[in-house]
Amino acid sequence: KELPKEQPKELTLMLEWFINPDHGPIIVAQQKGYFEQEGVKVTIQEPADPDLPPKLVAANDVDLAVYYQPSLIQAASEGLPLAWAGTLVATPLDGLIVLKDGPIKSLADMKGKSIGFSVNGSEKAILDTMFKPYGFGAEDVKTVNVGWNLSSSLMTGRVDALLGAYRNFELNSLELHKNSGKMFFIEEHGVPPYDELIFIANSKTADKEAIRRFLRAVERGAQFIANNPEEGWKVFRDSKPEALDNDLNRMAWIDTADRFALRPAAVDKGRYQRYAEFLKEFGEIKQVPDLKTMMLELY
Amino acid sequence: MFDVHLHKVGLAYGDLQVFQQLDLSLKAGQWTCLLGGSGVGKTTLLRMVAGLVDQSDIRVEGRVTCDDGQPLAGRIAWMSQQDSLLPWATVLDNITIGERLRTRKFLRRSRLSSEALDRAHHMLELVGLDEKARVLPQNLSGGQRQRVALARTLFEDRPVVLMDEPFGALDAITRLNLQDMACDLLAGKTVMLITHDPLEALRLGHAVYHLRGHPAQLTDAITPPGKIPRSLDNAELMTLQGVLLDRLRHEESVA
Amino acid sequence: MFDVHLHKVGLAYGDLQVFQQLDLSLKAGQWTCLLGGSGVGKTTLLRMVAGLVDQSDIRVEGRVTCDDGQPLAGRIAWMSQQDSLLPWATVLDNITIGERLRTRKFLRRSRLSSEALDRAHHMLELVGLDEKARVLPQNLSGGQRQRVALARTLFEDRPVVLMDEPFGALDAITRLNLQDMACDLLAGKTVMLITHDPLEALRLGHAVYHLRGHPAQLTDAITPPGKIPRSLDNAELMTLQGVLLDRLRHEESVA
Amino acid sequence: MSKRFAVLKPLLVFIGILLLWQGLVVGLEVPSFIIPDPVSVFKRMVSDAGLLWEHALVTMAEMLMGLTLGVLFGVLMALTLVYFVSLRPWLLPLLLVTQAIPVFALAPVLMLWFGYGMASKVIMTVLIIFFPVATCCYDGLRQTHQGWLDLAQTMGGGSWAVLRLVRWPSALPALASGLRVAVVVAPIGAVVGEWVGSSAGLGYLMLQANARLWVDLMFAALTVLAICSVGLYYFTDLLLKRLIPWQTSHH
Amino acid sequence: MSKRFAVLKPLLVFIGILLLWQGLVVGLEVPSFIIPDPVSVFKRMVSDAGLLWEHALVTMAEMLMGLTLGVLFGVLMALTLVYFVSLRPWLLPLLLVTQAIPVFALAPVLMLWFGYGMASKVIMTVLIIFFPVATCCYDGLRQTHQGWLDLAQTMGGGSWAVLRLVRWPSALPALASGLRVAVVVAPIGAVVGEWVGSSAGLGYLMLQANARLWVDLMFAALTVLAICSVGLYYFTDLLLKRLIPWQTSHH
Ligand SMILES: Nc1ncnc2c1ncn2[C@@H]1O[C@H](COP(=O)(O)OP(=O)(O)OP(=O)(O)O)[C@@H](O)[C@H]1O
Ligand SMILES: Nc1ncnc2c1ncn2[C@@H]1O[C@H](COP(=O)(O)OP(=O)(O)OP(=O)(O)O)[C@@H](O)[C@H]1O
Ligand SMILES: Cc1ncc(C[n+]2csc(CCO)c2C)c(N)n1
Ligand SMILES: [Mg+2]
Ligand SMILES: [Mg+2]
């Protein structure tokens, strides 16, 4: 076990979205002083533009960012010097959400409908795969970029379904606004399972020691939440009560608490290989990136 | 045919009382000429008759009436001291602007009747600018601009014509010719003319007034005999010019 | 003291050749007066002397030189036919604009020397507008504006003075007074004056030219005898006026 | 000669910009995922010409519709302010409030109100364009030379005729400034609209490309957009110069 | 009396808008995530006054700095265009291109070069404000009455003096239009800047609130922003009326 260092390392971490229960372990680690104890000083930033974090990491403007596995694969295949540097949520959260009492009862009903999404770049692969058994594909639906307006665009009927909205969060948000949603889980419809939220760092300049310390603290945060979900919620909530203490976060917390990766520094390269090949198959990436550079060798 | 009466009119710009309790009649079908020192209030008086003194900082008293009981508005043609030509309109368009302003048509380019167009060309010929019909005002000389403004006023063909130094920027010969032309065209109309040239006033005026003092007062009218335009060789005219110049000089010594 | 010579100058606006191969000398310390029909090219000629004809659509020939070999630019005061008063500047500021334009200071409000200020007030007094010093031009009458422009030109105090109908909007008496005043103030300066009033030309000019024809030509100078301003009672002046009016009339019959 | 050169200059400037860009990218070693070099952008423009063209059409359509409506509303607002003097103190604050609320901030909500189709982008463009046009046109109309208005009054011109023959031409130079601003600002409206929610258009394409980190495609779209709006500007400028010939002489 | 009423009118308009808004929301039963009712917005404004104030300060600071710099640059650009005639055909396309590229598309670059702090937002504001000011000021300067310039030339005025005493005052009315537009557009700049990357400011707050479906907070922020910019507008308008007294008479 590494001893706390006299000289704490500084890290800036940019989130992929505004703070929500998905970031539980990070916030808990921050609040309970795990970072300090592990010898890192972490500055957390929220993004205004969801596409900015990877670029900032690649340009060494921030050290770490929360990102999506599919997006990392794409970025790496575009030659950005990005690499996996830890896992936050190790299962897919994404899915296709429709209104429960809407006209869409099965994926077969999706033909010709519109889907709102917050761009991630693998929509085509996902939709093609999900719709294949029903005899149509991504080009048979209308995709609409709705930016930050995921749940509201569905509730106002501007779109018939959502992609890129999370089962633990947007589903609850719909519920809260008296619109029950129903999710078609993508990993149950042929899409290879993947890590929804990961940490990324610059593959060339990453400070592995700092990242190791960081992940240790995040690991302790995840452990704490797994062991004391109620207590974890309070810690999370109290970190910024005016922004975080609300019904949505409370409900989302419950649905998120058991999804955090308990081994953030562990990696299943096979999953990355499979998902990359999946993307390649649907033409979303030109070549499968080199896993050696795309996965930081932490230990 | 109707007289125009000014009843005890008065006007002040802020603290500056230009005139007060002034009475004046413009006789039907006659030329009334107004002389007076620079800044005494001639233009102001003319604007008052033209109904152009409704700005907020101007205090107005008295009334302007016509003795046929109808309002004066809509029956005047006004020529201002500045030529006020529209810079974007050709000479011809400037002359016919009144006609076009009055057509109630909603068209892109209210077509003028060919009769009106002929008349406009005729006016231009009379002021000697027929070959400038398609030119913009910015390409004219000072005197040419004034002649266009004059042509515009004459083109209006209204029963009452108010002119503020219409010949001021013209050379002596052109001036005489245009005076004759105006007399001819405006025969039978009621004309009020401001001028700085005593001879011009005597040549054209049925009644010549002199505005003077602060607040300004009108002197008694001088009424030169004979038909207008009078010949300048006329001996009586020269005598009257003496009287007039005396009056004008007297003013200076007063002021 | 230097003469100003125009050598074979010519100017055309597009296709319109205003004048060509024109020679003229402005004698040092003398008044040169220019008469001519409306639109003949007087203003254009004056602008040429003032060096204001460098626009793209104007074709210029010939040269303007001074016989002391120095350039003329920077030694003239120019009074245009329009008064060109700056609407945002008070009368006083308008008069002193030249002085302020020439100070090389980078200050917010280039302070005038009290000497200059006194002189400006004096000028205003001379043109009879001392109580209007703080007024904006838009609140002045036509003649008052012209007097301000005149005061501005005189204030400049340059060796060569170019004036385009400086008294055109003034009543007869004021005009005579200001002519006298100008003669007084401009004694020893080289003056070029455009006027429409033959008597004015004869009263003030050491040499009186007449511009006529298309392209315009200058007639021989008339050189009235005696010191300026000449008295109008002068019999010889009346004879000369006859000659001049004849010339002017002759032009009309030609055109 | 000099006419032909006049057309060349903007082209030279354009080439200059490209060189500068290439120089900066190479010189400052800007990583290609932040700014790609012009050569690869150009390659993308050629290879994806069809795609770019298709999306450009959408954006252009939004821009043109927005411009037309925005100018129309702007001018109408200016006219209302000038002619209904008594309405002015009520309308002006209203107008201000509509502007003071940044459409950008409102964009997401606008999308919900008007859908993800063209309508919402046109509305955004209109909202952005409207104010410069209205302000400039209003100022222009207000500043009509009093002498001309007096003249028109004595001539007994109806207010429509006075507007058409006197006030309007006299306001044209000021309106022209407003239009120039509007034309240049119009793409912002359309693109932001697309950015916030859409399924077509250059803004959408840019967002897609950006998310996939196809930075060269993103810059290709940007270039096309820039070309569109520069073209639009020059076109408008030409048109305005034709419409206001009496101005050119002052140069 | 009437003076005091003049201040009242905008207020009445404001109250009118609020009533209409409340009426619409209640009457049409609009769900609160589409548009909240003013009462709950007001409640939010009261309960989150501190938060709003804090973010408003940031945005105001960005706006004011952006305005100052933007107006400065705009005027300088206009002067350059007027005085360096030979530069004009080179500068104008350049100017256009900077405008034709939607500023926020350059966001990543701006973020990288100028950081995540205020600088990048100020630059955004400057980029947005700059063009209306430059265009209007340029048009104003170009249209200086030729007679005045001729006069100044014969008087031997240096170009700085001619600028200060003749061209500048004559361009003021046109510049005023530009400034009015700039003041109203400034919040857009700041908010877009905050959108692109920030951790404070009303724009940031709005985005966050919007994404979280806290529409009442979003509208509260919007209202604060609107109040700021209406205030700014009236202040500027007053200032301009003071500076251009010879214009008021034409009304
Ligand atoms: N900017 C211009 N463009 C084209 N033609 C012009 C321009 N200015 C004047 N002209 C023409 O040139 C001729 C001479 O004009 P100029 O102003 O010199 O006349 P002028 O002798 O001063 O007349 P006036 O006594 O009426 O002032 C006129 O026929 C006029 O129409
Ligand atoms: N808009 C105005 N505001 C304030 N004062 C004014 C205004 N217009 C004119 N005046 C003043 O009113 C007086 C009369 O002006 P007016 O223009 O009637 O004179 P005028 O007799 O026509 O003179 P001129 O022969 O010089 O044209 C002048 O003293 C002038 O300064
Ligand atoms: C609570 C929550 N909701 C939505 C998103 C946004 N999001 C989900 S998937 C995706 C694209 C990449 O897969 C994006 C942008 C998030 N990050 N967190
Ligand atoms: Mg007058
Ligand atoms: Mg002339």
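Mentor: Happy to. Ligand 1 is surrounded by residues from chains B and C, so the site is shared between chains. Do keep in mind that this is a predicted model.

Trainee: Which residues come nearest to ligand 1?

Mentor: There are 21 residues around ligand 1, and the nearest are S141(B), G143(B), Q144(B), T43(C) and T44(C).

Trainee: And what lies 2.4 Å from an oxygen atom of ligand 1?

Mentor: That is an N or O atom in the side chain of T44(C). Chain C also brings in G39(C), where a backbone N or O atom sits 2.7 Å from an oxygen atom of the ligand. From chain B, the side chain of N139(B) places an N or O atom 3.1 Å from a nitrogen atom of ligand 1.

Trainee: How much of ligand 1 does the protein bury?

Mentor: The protein buries 89% of the 630 Å² that ligand 1 exposes when taken alone.

Trainee: Okay, switching to chain D. Which domains does the assignment give there?

Mentor: Domain 1 covers residues 1-30 and domain 2 covers 36-243. Their C-alpha centres are 27 Å apart. Five residues of domain 1 and eight residues of domain 2 make up the contact.

Trainee: What area do domain 1 and domain 2 of chain D bury between them?

Mentor: About 530 Å², with 75% of it on carbon and sulfur atoms. On the domain 1 side, F14(D), W21(D) and Q22(D) supply 73% of the area buried against domain 2, more than any other three residues.

Trainee: What about charges and polar pairs between those two domains?

Mentor: The count of salt bridges between domain 1 and domain 2 of chain D is zero, and one residue pair is in polar contact. The residues on the domain 1 side that touch domain 2 are four nonpolar, one polar and no charged.

Trainee: Last topic, then: how many residues of chain E are in contact with chain D?

Mentor: 55 residues of chain E, and they meet 56 residues of chain D. The area buried between the two chains is about 5500 Å², and carbon and sulfur atoms give 77% of that.

Trainee: How many salt bridges are counted between chain E and chain D?

Mentor: Two. One salt bridge joins the side chains of D139(D) and R180(E), at 3.0 Å from N to O. Chain E and chain D also have four residue pairs in polar contact.

Trainee: Great, thanks for walking me through it!

Key:
Residues are numbered from 1 along each chain as its sequence is written. Chains are lettered from A and ligands numbered from 1 in the order in which they are written. This is a predicted model: local features need pLDDT of at least 70, side-chain atom pairs count only at pLDDT 80 or more; totals for chains, interfaces and linings use all residues. Side-chain values use heavy atoms; hydrogens and water are left out. Domain bounds come from an automatic or database domain assignment. Contact means heavy atoms within 4.5 Å. Buried area is the accessible area (1.4 Å probe) that two parts lose on being put together, summed over both. A salt bridge is a side-chain nitrogen of Lys or Arg within 4 Å of a carboxyl oxygen of Asp or Glu. A polar contact is a pair of N or O atoms within 3.5 Å; within protein, one must be able to donate a hydrogen and the other to accept it, and residues adjacent in sequence count only if both atoms are side-chain atoms. Ala, Val, Leu, Ile, Met, Phe, Trp, Tyr, Cys and Pro count as nonpolar, Asp, Glu, Lys and Arg as charged, and the others, Gly among them, as polar. A residue is near a molecule or strand if one of its heavy atoms lies within 4 Å of it. Accessible areas come from the Shrake-Rupley method with a 1.4 Å probe; for residues, only the protein chains shown count as cover.
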